[in-house]
Amino acid sequence: MKNILKSLLLLSATLFFSSQAAAEDGYFKGVGIKLGHGAMNAVTGVVEVPRNMLYESNDKGIGYGLTTGLFKGIGYGVGRTAAGFIDLATFFLPSKPIIAPGYVWENFTTEPTHFRPWR
């Protein structure tokens, strides 16, 4: 009876630790992705200004892009930088970034950044 109990205990411990190792791989990958997104967004938030100016100029004209695009870019830049710092502060809780696109240089000439906290 002792041998059967030892064997079952050893088998259950092996199964438990192998599943934990697999789960940790996904955890560390998610943490790394969120940490990278947070660091890049905290640093590159200022790039939202020329991005929005370019988008608004292409969409509605140069005058609109230089005025409204500038102010929208400042607002979106502050938002991207804040989202980056939030991701940096909570990187240990792996989740998708709260801002889309994930980096400022993705889809540079398309619709500006949107916050999506409840995806």
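Of the 119 residues of the protein chain, 29% count as buried, where buried means under 20% relative accessible area, exposed over 50% and partly exposed in between (1.4 Å probe, protein chains only). The model is predicted: local features need pLDDT of at least 70, side-chain atom pairs count only at pLDDT 80 or more, and totals for chains, interfaces and linings use all residues. Residues are numbered from 1 along each chain as its sequence is written, and side-chain values use heavy atoms, without hydrogens and water.

Three helices and two strands make up the secondary structure of the protein chain. Their order along the sequence is α-α-α-β-β. Helices (H or I, at least four residues) and strands (E, at least two) are DSSP runs, numbered from the N terminus. Of the contacts between residues at least 6 apart in sequence, 67% join residues at least 24 apart; contact means heavy atoms within 4.5 Å.

The protein chain exposes about 7800 Å². Carbon and sulfur atoms supply 72% of this area. Accessible areas come from the Shrake-Rupley method with a 1.4 Å probe; for residues, only the protein chains shown count as cover.

A nonpolar surface patch is formed by Tyr-27, Phe-28, Phe-92 and Leu-93. Together they have about 420 Å² of accessible area. Phe-92 lies in the loop between helix H3 (62-89) and strand E1 (99-100). Phe-92 counts as partly exposed because its relative accessibility is 44%. Like charges are joined within 9 Å, nonpolar side chains (Val, Leu, Ile, Met, Phe, Trp, Tyr) within 5 Å.

Ala-100 and Pro-101 are joined by a cis peptide bond, with omega about -5°. Most peptide bonds are trans. Pro-101 sits in the loop between E1 and strand E2 (114-115).

Terms used
Patches are made of residues with over 30% relative accessible area and no salt bridge: like charges are joined within 9 Å, nonpolar side chains (Val, Leu, Ile, Met, Phe, Trp, Tyr) within 5 Å. A salt bridge is a side-chain nitrogen of Lys or Arg within 4 Å of a carboxyl oxygen of Asp or Glu.
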